[in-house]
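My plan was to look things up piece by piece and jot down what came back.

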Amino acid sequence: MDAKLKYKAKKVKIVFFDIDDTLRVKATGYMPESIQYVFKSLKDKGILTGIASGRALYGVVPEIKALEPDYFVTINGTYVVDKKGQEIVNNPLPRDIVAKYVEWAKSEGIEYGFAGKDKPVVSKRCDLVDNALEPVYGICAVDSDFYLTNDVYHMWTFSERNDQLQLPEELASQIRLVPWHEHSSDVVQKDISKASGVAHVLEKNNWKPLNAMMFGDGPNDMEIFDYVGLTVAMGNAVPELKEKADFVTKTVEEDGILYALEEFGLVEKQLHFPQVDLENVEGPVAIIKTNHGDMKMKLFPEHAPKTVANFVALAKDGYYDGIIFHRIIPEFMIQGGDPTGTGMGGQSIYGDSFEDEFSEELYNVRGALSMANAGPNTNGSQFFIVQNSKIPYAQKELERGGWPKPIAELYAAKGGTPHLDRRHTVFGQIMDDASYKVLDEIANVETGAQDRPVEDVVIETIEVVDE
């Protein structure tokens with residue numbers, strides 16, 4: 001990510017989110033579990049959160065309210081409240097404008113609707129209306145004269161030819177159409193938008209636009225993208241919004257909000273350490289069969305795809321069959337994978353050495369399967385298995401050194417070689433006690449010059465099983 005964007009993120013004091021197809025998928029109601037983590041993490045960092053939506057407050061679904069955002073900018077900026085329900089903005093449309101709009105809609109032969117403070121109503125119930133509004137507000141009551149006795153905050157068009165509708169000049173000077181559905185547009189007052197609602201929130205807190213960040217996906221986010229200091233378009237956003245955005249993230253289903261905030265450094269990355277919870281990790285298993293017994297290894301293709309692909313292909317081709325562990329150092333590691341048996345040979349499936357694949361979630365703990373190399377990005381066929389059972393560091397020392405707490409705990413309890421982290425690609429882990437016994441037996445064989453076993457320790461074959 002551009003360093004300038006990360007610098008801008010440091011000025012952010014509040015993050016606003018659209019709802020539909022940003023926090024959740026409108027069509028299905030799906031909201032990623034990561035959203036709860038996002039809101040909690042921002043709160044823990046002292047960063048406020050806000051909803052900025054075309055929806056009215058009564059259309060904000062319970063799971064969004066349960067996130068306890070600090071502000072609700074609703075009905076496209078015409079009605080804004082804080083988390084205690086205290087009104088910041090209450091700005092309904094002038095009644096004469098509403099009346100003129102109704103007259104125009106009738107002349108066009110289209111259906112219309114009103115967003116009141118407490119409920120939405122429509123001029124008629126039909127499939128065209130229901131298909132647009134039901135996913136947002138459910139089935140709406142019919143009251144074509146609602147505006148005569150109630151405040152209206154914005155209105156809707158409903159038409160098969162919605163993209164062709166044009167307001168007459170008199171109305172166009174006071175209201176505008178903002179498409180949000182194939183057959184419907186929000187009808188909002190000129191110079192009123194989610195951006196104006198956010199501006200009131202910033203003013204209340206004595207903040208500037210550069211202190212606000214916005215996530216959005218649709219046309220009604222255009223004004224706010226022009227206003228706030230940092231903008232993120234969802235991967236599923238309309239093209240014109242992506243063009244305006246400072247950053248385009250992944251889709252809702254791909255945890256796009258979490259991904260963006262992690263990239264900006266506003267939320268700590270959610271890390272999962274497969275070596276800590278090996279029983280619940282899915283993936284291929286390699287059984288390294290030796291003349292001292294078998295070692296069962298879980299492989300991590302999601303973390304080190306090229307490395308695992310290389311190892312699996314070589315194993316299935318019989319490349320490792322009959323190769324020895326040519327270098328063995330007790331309380332350190334056992335190394336093999338070189339057909340010359342010298343530590344100087346071996347070739348990858350890529351025809352040449354290939355790059356390292358370091359993961360923030362994998363470490364050289366005891367039992368780790370790692371790539372041997374001759375320096376950065378020089379991986380071939382050689383690998384080693386970490387055997388060291390104790391380290392000279394306390395858990396707290398490792399944590400202070402930057403190792404994640406779960407990994408520091410594992411190092412302190414089981415051992416390993418933390419000094420090799422980010423120097424050698426970890427791509428697998430021993431799975432059971434029987435395999436550790438074989439590892440320790442091999443590590444303690446008699447060795448001679450250059451740590452070579454006096455009697456060959458042979459890899460008979462490596463069997464790979466997809467689980």
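Predicted model: local features only at pLDDT ≥ 70, side-chain atom pairs only at ≥ 80, totals over all residues.

Before anything else, a cut-off to keep at hand: I call a residue buried under 20% relative accessible area, exposed over 50%, and partly exposed in between. With a relative accessible area of 34%, Glu463 is therefore partly exposed.

**Entry: Glu463 and its partner**

I looked up what Glu463 pairs with, and found a salt bridge to Lys289, with 2.9 Å between the closest N and O atoms. Lys289 sits in strand β15 (residues 285-290) and Glu463 in strand β22 (residues 459-465), so this pair ties together parts 174 residues apart in sequence. Lys289 has a relative accessible area of 25%, so I put it down as partly exposed too.

I then checked the record for this stretch. An unreviewed UniProt entry carries the annotation "domain: PPIase cyclophilin-type" over residues 285-464. Across residues 285-464 I noted 22% helix and 23% strand, and the end C-alpha atoms are 6 Å apart.

**Entry: other salt bridges**

How many salt bridges does the structure hold? I got 20. A reminder to myself: side chains of opposite charge can pair when their charged atoms come close.

One of them joins Lys117 to Glu87, the closest N and O atoms being 2.9 Å apart. This pair links distant parts of the chain, 30 residues apart: Lys117 is in the loop between β6 (111-115) and β7 (120-122), and Glu87 is in strand β5 (residues 87-90). Lys117 comes out at 35% relative accessibility, so it counts as partly exposed. Glu87, at 41%, is partly exposed as well.

Next I looked at Lys40, which forms a salt bridge with Asp44, again with 2.9 Å between the closest N and O atoms. Both residues lie in helix α2 (residues 34-44), 4 residues apart, or about one turn of the helix. Are they buried or exposed? Lys40 is exposed, and Asp44 is too.

**Entry: Asn76**

I went to the loop between β3 (71-74) and β4 (79-82), where Asn76 lies. Its relative accessible area is 4%, so I have Asn76 as buried. Which side chains does the side chain of Asn76 make polar contacts with? I found Asp186 at 3.0 Å and Asn220 at 3.3 Å. Leaving out neighbours within four places in sequence, I also listed residues in contact with Asn76, among them Ser53, Gly54, His154 and Lys194.

**Entry: Ser185**

Ser185 is in strand β11 (residues 184-189). At 2% relative accessible area, Ser185 is buried. I picked up a polar contact between its side chain and that of Asn162, at 2.9 Å. Not counting residues up to four places away in sequence, Ser185 touches several others, including Met155, Trp156, Leu177 and Trp180. I also checked Ser185 against Asn220: they are 35 residues apart along the chain, and their C-alpha atoms are separated by 9.9 Å.

**Entry: cavities**

I counted 2 cavities of 30 Å³ or more. The largest cavity has a volume of about 40 Å³. What lines the largest cavity? My list includes Glu357, Phe358, Tyr363, Asp421, Arg422 and His424.

Technical notes: Residues numbered from 1 in each chain as written. Heavy atoms only, no water. Salt bridge = Lys/Arg side-chain N within 4 Å of Asp/Glu carboxyl O. Helix = DSSP H or I, 4+ residues; strand = E, 2+ residues; numbered from the N terminus. Buried < 20%, exposed > 50% of the residue type's maximum accessible area, 1.4 Å probe, protein only. UniProt positions renumbered as here; feature names shortened; annotations may be inferred. Polar contact = N/O pair within 3.5 Å; in protein donor to acceptor, adjacent residues only side chain to side chain. Contact = heavy atoms within 4.5 Å. 1 Å grid on protein atoms, 1.4 Å probe; cavity = no way out; pocket = protein on both sides within 12 Å on 5 of 7 lines; lining within 4 Å. Points joined across faces, edges and corners; volume = space filled by probe spheres on them.
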